[in-house]
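Biologist: I am new to this one. Could you take me through it step by step?

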Amino acid sequence: MSKFFIRIAVLWMLAGILLGIYMGISHQHLDKQVHVHGLLLGWVSCALFGLVHFAWPQLQTMLTARVHFWLHNLGLVALLVGLFMERRELALAGPFLGSGSITLAIATALFGWSIWRVTAK
C-alpha cells in the first residue's frame with residue numbers, strides 16, 4: 001500500500017501543479033480552493049500516508065489500508081468536483097461537497113483506527 005499511496009500522491013502533485021500553471025497563465029484564480037485542497041489532501045496527505053505505511057509495514061497487510069486508500073481518493077475527487085461546481089454556483093455542488101467531505105472523514109477515521117491498532121502492540 002505504501003507504493004500505491006506514493007504513486008497517487010505524485011499524480012495529485014502533478015494535477016495540482018498543472019492547475020496552478022493554468023491559473024497563473026490565464027490570470028484566472030477561480031479554482032484556488034480546488035488547487036489547494038488537491039495539493040494538501042492529495043499530494044501531501046497521500047505522501048504522508050505512504051510514508052506511515054512504510055514505517056509500519058503491518059499496516060499494509062490490513063484490509064483497512066486498501067479501504068482507506070480508495071475512500072480517501074474517491075472522497076477527494078468528489079470534494080474537488082464539489083468545490084469546482086460551488087465556485088460556479090451550480091446547484092449540485094452541495095451533494096458532492098457533502099459526500100466528499102463525509103467520505104474523507106470516514107477514510108481518516110479508518111486510518112486513525114488502523115494506526116491505533118498497530119501502534120498499541
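Modeller: One definition first: accessible areas come from the Shrake-Rupley method with a 1.4 Å probe. By that method, the chain has an accessible surface of about 7,200 Å², and 74% of that surface belongs to carbon and sulfur atoms. Please note that this is a predicted model.

Biologist: How many helices and strands does the chain have?

Modeller: There are four helices and zero strands. Read from the N terminus, the order of elements is α-α-α-α. Along the principal axes, the C-alpha atoms fill a box of roughly 50 × 30 × 15 Å.

Biologist: What share of the residues is buried?

Modeller: Of the 121 residues in the chain, 38% are buried. As for contacts between residues at least 6 apart in sequence, 72% join residues at least 24 apart.

Biologist: Let us turn to α2. How many residues does it have, and how far does it reach?

Modeller: Helix α2 has 24 residues and spans 33 Å from its first C-alpha to its last, close to the expected 34 Å. It bends by about 30° at Ser45.

Biologist: Take Val44. Why does it count as partly exposed?

Modeller: Val44 lies in helix α2. Its relative accessibility is 33%, so it counts as partly exposed, that class being the range between 20% and 50%.

Biologist: New topic: how many salt bridges are there?

Modeller: The count is one salt bridge. Arg88 pairs with Asp31, and their closest N and O atoms are 2.8 Å apart. The two residues are 57 residues apart: Arg88 is in the loop between α3 (63-87) and α4 (93-119), while Asp31 is in the loop between α1 (2-26) and α2 (32-55).

Biologist: Is Asp31 buried or exposed?

Modeller: Asp31 has 8% relative accessibility and therefore counts as buried.

Technical notes:
Residues are numbered from 1 along each chain as its sequence is written. This is a predicted model: local features need pLDDT of at least 70, side-chain atom pairs count only at pLDDT 80 or more; totals for chains, interfaces and linings use all residues. Side-chain values use heavy atoms; hydrogens and water are left out. A salt bridge is a side-chain nitrogen of Lys or Arg within 4 Å of a carboxyl oxygen of Asp or Glu. Buried means under 20% relative accessible area, exposed over 50%, partly exposed in between (1.4 Å probe, protein chains only). The expected span of a helix is 1.5 Å times one less than its number of residues. The bend at a residue is the angle between axes fitted to the seven residues ending there and the seven starting there. Contact means heavy atoms within 4.5 Å.
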